[in-house]
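Visitor: I would like a close look at a single part of this model. Please take me through it step by step.

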Amino acid sequence: MRQCAQHRTIAVMNATSVNSNANTSTVIQVAVPVPLARVFDYDCDQAPAVGTRVQVPFGARQVVGFCMGAVPTPAASEFKRKAVSKVLDEQPVLSEPVWELLQWAADYYQHPVGEVLAHGLPVLLRQGEAASYQTTQAYQATPAGQQLELNELRNARQQQRLLAALRSGSLLRRDIVAQEYSLSALKALQEKELIEAYQHQPSAERDWTFAIGSEPLQLNPEQALAVAAIGAAQQPQPYLLEGVTGSGKTEVYLQAMAEVLRKGKQVLVIVPEIGLTPQTLRRFQKRFAVPIVMLHSALSDRERLDAWLDAKNGAAAIVIGTRSAIFTPFSQLGMIVVDEEHDSSLKQQEGFRYHARDLAVVRGHKERVPVILGSATPSLESINNVSQKRYAHLQLTQRAGQARPTRHMVVDIKQMPLKAGLSVPLIERMREELERGQQVLVFINRRGFAPALLCHECGWLAQCRRCDAYYTVHQRQQQLQCHHCGDQLRIPAQCHDCGSTQLVGRGVGTEQLEQTLTELFPDFPVLRIDRDSTRRKGSLQKHLADATENKFPLLVGTQMIAKGHHFPHVTLVAMLDIDGALYSSDFRAAERLGQLITQVAGRAGRASAPGTVVLQTHHPEHDLLQDLIHNGYAAFARSLLRERELTQLPPFGQLALFRAEAHEAQHAQAALQAIADQLPRHPQLMVLGPMPAVMERRAGRYRYQLLLQCQQRGLRQQILQHSLPQLQQLPELRRVRWSLDVDPQDFS
Ligand code: ADP
Ligand code: ZN
Ligand code: ZN
């Protein structure tokens with residue numbers, strides 16, 4: 001990504017504290033976390049350094065903001081200026097590179113700097129907490145607890161498990177015990193004086209030296225070439241590591257990281273979703289005997305702050321986190337890895353809409369560290385960056401170890417009878433595979449029992465009262481649920497139109513598939529993995545582990561299981577319905593479908609048995625599908641890229657999307673029309689809309705969009721930069737919720 005053409009004045013950190021005369025107070029500018037693209041002036045006795053947090057009154061509230069610098073000659077104001085209530089830090093709280101990254105991002109994504117800066121902080125720091133570790137109560141085994149024969153607790157499993165964990169040296173604070181163990185077991189062990197409480201003082205001194213935990217694998221020639229290229233680079237640069245699923249990308253990360261860690265430098269690893277990659281995490285932990293911290297949404301606020309501090313002061317060697325981890329400060333950053341760089345969850349879809357992959361590249365450039373973007377199915381953006389020579393290209397074309405490539409089988413389901421979406425040829429293939437002791441995975445992207453409730457007599461469909469969408473039938477809970485607004489109600493007994501009681505589910509969801517598979521294959525237990533079956537904490541991990549160990553020969557799942565997880569015993573993967581994406585209005589639909597099919601296919605045949613992928617479709621002759629199957633993702637993606645070039649869509653054209661929503665459709669539309677009218681005319685700028693979103697009404701609000709398409713990024717940035725201050729003043733915008741999305745990924 002190139003830097004945008006215009007340069008807003010950027011507050012430079014550590015540029016000495018602002019001049020201040022001890023007697024007269026100064027005026028400082030403060031960025032506060034409010035959706036306004038400006039800073040506010042406050043009186044302050046002694047101006048703090050740029051980048052320190054200050055607590056200030058804002059309206060009736062107290063908020064935490066950042067000092068952005070002094071106002072050299074404050075203008076006389078008719079209002080009395082308010083004063084800073086409290087200076088919260090002695091030094092700037094963010095590291096300089098992160099401070100600069102956040103300012104760059106505020107500028108690029110045209111998002112209010114106060115909100116962006118706040119986004120860069122752990123929650124506790126946003127709330128004004130000190131940026132330091134805190135002593136907490138933790139537990140340890142007493143000498144009696146150390147010596148006890150664990151078997152003596154065999155009738156109290158929870159106590160046994162807790163004591164074993166404490167004896168192995170795990171740090172268990174009360175909140176962790178409550179979450180992962182049991183507080184009553186804790187109490188019982190305390191009463192028996194087998195364990196005791198103590199004050200745990202996390203320390204910033206924790207030093208680490210590089211040590212290998214387990215020996216690295218012998219690299220194959222392609223892997224060796226990739227690792228050598230990264231290590232030998234004169235200039236740090238971004239790499240696209242394009243490797244088919246199972247080609248050993250993770251091994252390349254690990255060995256490239258080893259070189260960095262050996263020099264005492266830290267590594268940041270960004271992954272799409274932590275919950276889905278426990279296998280990968282375990283590989284990191286096994287390979288390196290260095291402190292690894294994880295940043296993810298299941299952490300408590302305090303754990304998150306501690307992990308953040310560990311990264312900032314160098315105590316953590318490796319930080320693994322989801323997209324917001326890109327803003328973690330490091331004392332000695334040496335490398336950034338972005339795994340599954342094509343994954344759309346790397347883009348934040350609300351508020352400050354940044355793309356963690358793109359920011360990783362910006363950050364790597366600023367901090368002069370290599371950035372490895374890995375994927376079996378790279379985004380068209382990254383492929384284009386390779387052909388533009390902005391990224392170096394590393395390829396792994398062979399599956400590592402003994403795994404063989406998967407075969408494709410397309411089943412034309414036109415006029416075929418289907419049983420819960422399964423065709424007869426598919427059912428037969430499944431039976432063969434199961435009887436040979438192999439595992440079968442059926443992929444369907446709909447959770448619930450059926451995607452709609454239909455009246456068999458009159459054709460009425462139960463529609464959400466607040467959205468342009470049908471309710472999903474959840475039979476087990478006897479509920480209708482809207483997956484868009486969360487609305488829930490009991491399944492009605494009668495049709496709302498004709499009163500008939502003949503209500504049936506239309507279409508197939510995971511719950512129904514699970515039920516049908518159980519009936520079809522009574523000897524083979526079925527495991528369903530979707531959002532409903534993994535709501536309880538830890539249940540996803542358990543399901544994934546059970547699936548990996550082949551405890552369930554039949555697996556049913558949504559796209560949750562399409563991501564980076566290996567099921568070594570799966571030899572047959574079926575995708576029941578891929579037609580929706582073949583004819584979607586979203587220009588990214590084809591790219592996403594290609595990625596999904598390839599990723600799902602990659603779950604098969606990981607170990608030595610070869611894998612087959614069955615694709616059911618009504619359009620077996622579709623060009624996209626044929627291209628993907630016969631030529632593979634890499635070629636498929638490159639032909640999509642040529643189409644994008646012809647239509648001037650990303651990465652060739654640059655997009656920005658204004659969204660507006662309101663209870664009245666015309667308010668949303670009028671707001672975007674007003675924006676369209678204000679935008680400058682330019683031969684290279686195309687403005688499309690206002691038009692209704694694909695789902696026009698959601699949660700009772702009407703949603704409209706206005707799309708800007710521009711040939712050059714610099715021009716788009718200039719136009720937005722120039723127009724936004726006026727646009728924000730438009731009276732039509734006061735009646736709506738609106739937002740701007742730079743490089744939008746999602747048009748739903
Ligand atoms: P990817 O991340 O590309 O999907 P992984 O790194 O998970 O692939 O590797 C797939 C499997 O191949 C893993 O079980 C891994 O241990 C194994 N593997 C990777 N590299 C090698 C190698 N050089 N020799 C033997 N096995 C390997
Ligand atoms: Zn009816
Ligand atoms: Zn709804």
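Which residues coordinate the zinc ion (ligand 3)?

Guide: Keep in mind that this is a predicted model. Four cysteines hold the zinc ion (ligand 3): Cys464, Cys467, Cys482 and Cys485. Each uses its SG atom, at 2.2 to 2.3 Å. Look at the angles next. The four donor atoms around this zinc ion (ligand 3) subtend 105 to 113 degrees, so the arrangement is tetrahedral. The ideal angle for four tetrahedral donors is 109.5 degrees. Now read along the chain. The donors of the zinc ion (ligand 3) are spaced as C-x2-C-x14-C-x2-C. Cys464 and Cys467 are both buried.

Now turn to the zinc ion (ligand 2). Its protein donors are Cys455, Cys458, Cys495 and Cys498. Again the SG atoms are the donors, and they lie 2.3 to 2.4 Å from the zinc ion (ligand 2). The angles among these four donor atoms run from 105 to 113 degrees, and the site is tetrahedral. The spacing along the chain is C-x2-C-x36-C-x2-C for the zinc ion (ligand 2). Cys455 sits in strand β18, residues 452-455. Cys495 sits in the loop between β21 (488-490) and β22 (503-506). The pair therefore ties together parts that are 40 residues apart in sequence. Cys455 is buried, and Cys495 is buried too.

For contrast, move to some strands. Strand β3 spans residues 53-58, and five of its six residues are buried. β3 pairs with strand β4 (residues 61-70) in the antiparallel sense, over six bridges. Find Val56 to see one pairing: its bridge partner in β4 is Val63. The hairpin of β3 and β4 has two residues between the strands. There, Gly59 takes a positive phi near 60 degrees. β3 also joins strand β5 (residues 86-87) through two bridges, and these strands run antiparallel. Here Gln55 stands opposite Lys86 in β5.

Another sheet comes next. It is an open sheet of three strands, in the order β7-β6-β8, with antiparallel pairing. β7 (172-173) and β8 (195-200) stand at the edges, and each has a single partner strand, so one side of each is left without a neighbour in the sheet. Strand β6 (residues 136-141) pairs with β7 over two bridges.

Rolling a probe the size of a water molecule over the atoms shows where empty space is left. The count comes to two cavities of 30 Å³ or more. The largest cavity holds about 90 Å³ of space. Its lining includes His342, His355, Arg357, Glu381 and Gln745. Helix α18 (residues 589-601) gives the most to the lining of the largest cavity, with three residues.

Note on methods: Residues numbered from 1 in each chain as written. Chains lettered and ligands numbered in written order. Predicted model: local features only at pLDDT ≥ 70, side-chain atom pairs only at ≥ 80, totals over all residues. Heavy atoms only, no water. Donors = N, O, S within 2.8 Å, 3.2 Å for Na, K, Ca; no water. Tetrahedral: all angles 85-135°; square planar, octahedral: opposite > 155°, others 65-115°. Buried < 20%, exposed > 50% of the residue type's maximum accessible area, 1.4 Å probe, protein only. Helix = DSSP H or I, 4+ residues; strand = E, 2+ residues; numbered from the N terminus. Pairing = 2+ DSSP bridges. 1 Å grid on protein atoms, 1.4 Å probe; cavity = no way out; pocket = protein on both sides within 12 Å on 5 of 7 lines; lining within 4 Å. Points joined across faces, edges and corners; volume = space filled by probe spheres on them.
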